[in-house]
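Hi everyone, thanks for making time today. I'd like to walk you through one structure, moving from strand pairing to packing and then to charged pairs.

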Amino acid sequence: MRKIGTVMTLFILMLLISCGPGKKRSNAGDEAVDASKFPIETSNKDAAVKDAVLKVAIVKDSPLVGVFYEELYSDGFDGKIAETFFNNQIFEVDENFEVTDTGMATLSVDAANKKATIKIKDGIKWSDGQPLTADDVIYSYEVVGNKDYTGIRYNDDSTKIVGMKEYHEGKAPNISGLKKIDDKTVEVSFTELGQGVYTLGNGLRGTALPKHHLKDVPIKDLEKSELIRSKVVTLGAYSISNSVQGESLELKANENYFKGKPKIEKAVVQVVNSNTISQALKSGEYDMALRIPTDQYKVYKDYDNLEVLGRQELYYSYMGFKVGHYDKEKGENIPDPNAKMADVRLRQALAYGLDVDQMVKAFYNGLRERATSSVPPIFKKYFSKDIKGFPYDPEKAKKLLDEAGYKDVNGDGYREDKDGKPFEVRIASMAGGDIAEPLVQFYIQQWKEIGIKGVLSTGRLIEFNSFYEKVKADDPEIDVFFAAWTVGTNLNPIEGSGRKSMFNYPRFASDENDKLMAETASSKTLEDPNYKAEAYKKWQEYFIPQAVEVPLTYRYEMVPVNKRLKNFYIGFDEATKGEGIHKWELTAKEPIKASK
């Protein structure tokens, strides 16, 4: 019976991939590609032309939210646009994601006294010509720490700044641990200090906010203000000259950009549906596509007007189980021992019941691999090969379900709950792309083989913005959800899994989890260069088996760019090599069209 079930799953998987409108973008029979061999820079050496407009697609199947300050956005698409064009990062990092001296400011650390000093370089200006000041650096902390703050950046790490907790609770008018030395210098005092400070962790913020631009807007209203949307003042390479809410942005080069005014004077960013982006690239409508789904690679890979760059991404997709709720009054995640998904054996069984290796081969053609932990392999020092995750093991899954008391009492092929009542797992999964529906049907079929009935929580896939609204709100109709994380360069688990973190969407918390996460950022990490890696491994060895956030896949980021784009580089060592958006050029008046 087991062999028949496996064959049936693969047959359904093949059927789902091969049918449907148009040509499917992933075919199980295609030969996998070696993603590690893709270039990370364009090869175009032609002479640049003047007055050409850069045309950029942001691939999204719903309107753009349009919040462009890091302190306030929570949408990854907003984040991608902001980090590309409106980057307010005052520090730059090297290929190991550690702060260098090449940014707008330098960082010096006094470990013995638990202090750091931020020094702004001379001549740094906002896009409106106003100088970047110490007040702007401090204002970023004041916004995130304010009791009226509506964003999601305040977390356990924030409280490592002396006086932040008191400020956040409204007991102090300012943050005592932030000292303005002069107009270009800020001293930061910490309650505790670890190695994460060098990778923009430990409560240290890497961005600044233009206080002169935002100071008259109450912090509770900032997220709704046009001043952080269509009228942003930025330290980045571009600013917004015009916009259509949710649809498009017109950009102009920032003449005050600290690396020099960009060579391309104007750019247009448009929201493009995932079902039409490949054809749009083929017909020469865009120079690049940000956040293009990996599964589209098989469609555009042979277009002769494109050069495809690639790199391993700071990313993992995951399966999350709702085991509690976020208490806004307490500002922390509260696990519920009576939650439907509270039994760790049930969660582990559903993880062992998914054949992720088969899924990767069928849908992604070598551009993804099965994830074993929440540390992508690009973090060589911290990625542990000893952690195996949840390899496909349906027999183990069935045994766990039996032990937990989930048994098929009426012989219909589906297990009832511990009380013998009908049981189903309600799944939340995002719409978008032509493999979204086949993927979720694959999950449902896999779980059927171990006797668990999976159903879509709304009866259908959920639009991106609505999906995260429901997940953040702990919608009671969601038992399990499929999502993804872009991993922070400082590898701080508290940001995503901390007791106070709003990003902790499963709402899991435990004393042991608190203790092990704290060790990854302790002062011992400054004394022993290997301590953080060892501490991180110990935390993962505890956290992964809890199966509240089950890593599914790591991903290669594919960046198709039109062959008229020059000096485009995507290596993580961009800063140390002196590369960047200010060097981009266009060598034709319009994007090149494919010849076939």
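E7 and strand E8, residues 266-272, pair in the antiparallel sense over 5 bridges; pairing here asks that DSSP find at least two bridges between two strands. Strands (E, at least two residues) and helices (H or I, at least four) are DSSP runs, numbered from the N terminus. Before I go on: this is a predicted model, with pLDDT of at least 70 required for local features and 80 or more for side-chain atom pairs, while totals for chains, interfaces and linings use all residues. Residues are numbered from 1 along each chain as its sequence is written, and side-chain values use heavy atoms, leaving out hydrogens and water.

Back to the strands. Within that pair, Leu 251 stands opposite Ala 267 in E8. Is Ala 267 buried or exposed? Buried, because its relative accessibility is 1%, and the cut-offs are under 20% relative accessible area for buried, over 50% for exposed and partly exposed in between, using a 1.4 Å probe and protein chains only. Setting aside neighbours within four places in sequence, Ala 267 is in contact with Val 53, Leu 54, Tyr 238, Leu 249, Glu 250 and Leu 251; contact means heavy atoms within 4.5 Å. Its C-alpha is separated by 9.9 Å from that of Ser 239, 28 residues apart along the chain.

On to another pairing of E7. Strand E6 (residues 238-244) joins E7 (residues 248-253) through 6 bridges, and the two run antiparallel. Ser 243 is opposite Leu 249 there. Together E6 and E7 make a hairpin with 3 residues between them, and Gly 246 in the turn has a positive phi of about 80°.

Now please find the open sheet of 4 strands, in the order E2-E3-E5-E4 with antiparallel pairing. Which strands are at the edges? Strand E2 (105-110) and strand E4 (178-182), each of which pairs on one side only. From one strand to the next, the twist averages 20°; axes are lines fitted to C-alpha atoms, for helices over the stretch in contact, and angles run from 0 to 180 degrees between N-to-C directions. Helix H3, residues 134-145, packs on this sheet and touches strand E3 (115-120), E4 and E5, its direction making about 175° with that of E4. Between E4 and E5 (residues 185-189) there are 4 bridges, in the antiparallel sense, and Leu 178 has Val 188 in E5 as its bridge partner.

Both of those residues turn up again around Tyr 141. Beyond its neighbours within four places in sequence, Tyr 141 is in contact with residues including Ile 118, Ile 161, Leu 178, Val 188 and Arg 205. Tyr 141 also belongs to the largest nonpolar core, which has 157 residues; with Leu 54, Phe 85, Ile 90, Ile 118, Met 319 and Trp 447, it touches the most other members. By nonpolar core I mean a set of buried Ala, Val, Leu, Ile, Met, Phe, Trp, Tyr and Cys residues joined through side-chain atoms within 4.5 Å. A second, separate core has 20 residues, among them Ala 57, Val 59, Leu 281 and Tyr 300.

Last topic: charged pairs. How many salt bridges does a search of the whole structure find? It finds 39, where a salt bridge is a side-chain nitrogen of Lys or Arg within 4 Å of a carboxyl oxygen of Asp or Glu.

Take Glu 557 and Lys 80, whose side chains meet at 3.5 Å, N to O. They link distant parts of the chain, 477 residues apart, with Glu 557 in strand E17 (residues 549-562) and Lys 80 in helix H2 (residues 76-85). Both Glu 557 and Lys 80 are buried.

Asp 287 and Arg 564 form another salt bridge, with the closest N and O atoms 2.6 Å apart. This pair spans 277 residues: Asp 287 sits in the loop between helix H6 (277-282) and strand E9 (288-290), and Arg 564 in the loop between E17 and strand E18 (565-566). Asp 287 counts as buried because its relative accessibility is 0%, and Arg 564 is buried with a relative accessible area of 0%.

Finally, a network of salt bridges links Glu 70, Glu 71, Arg 153 and Arg 205.
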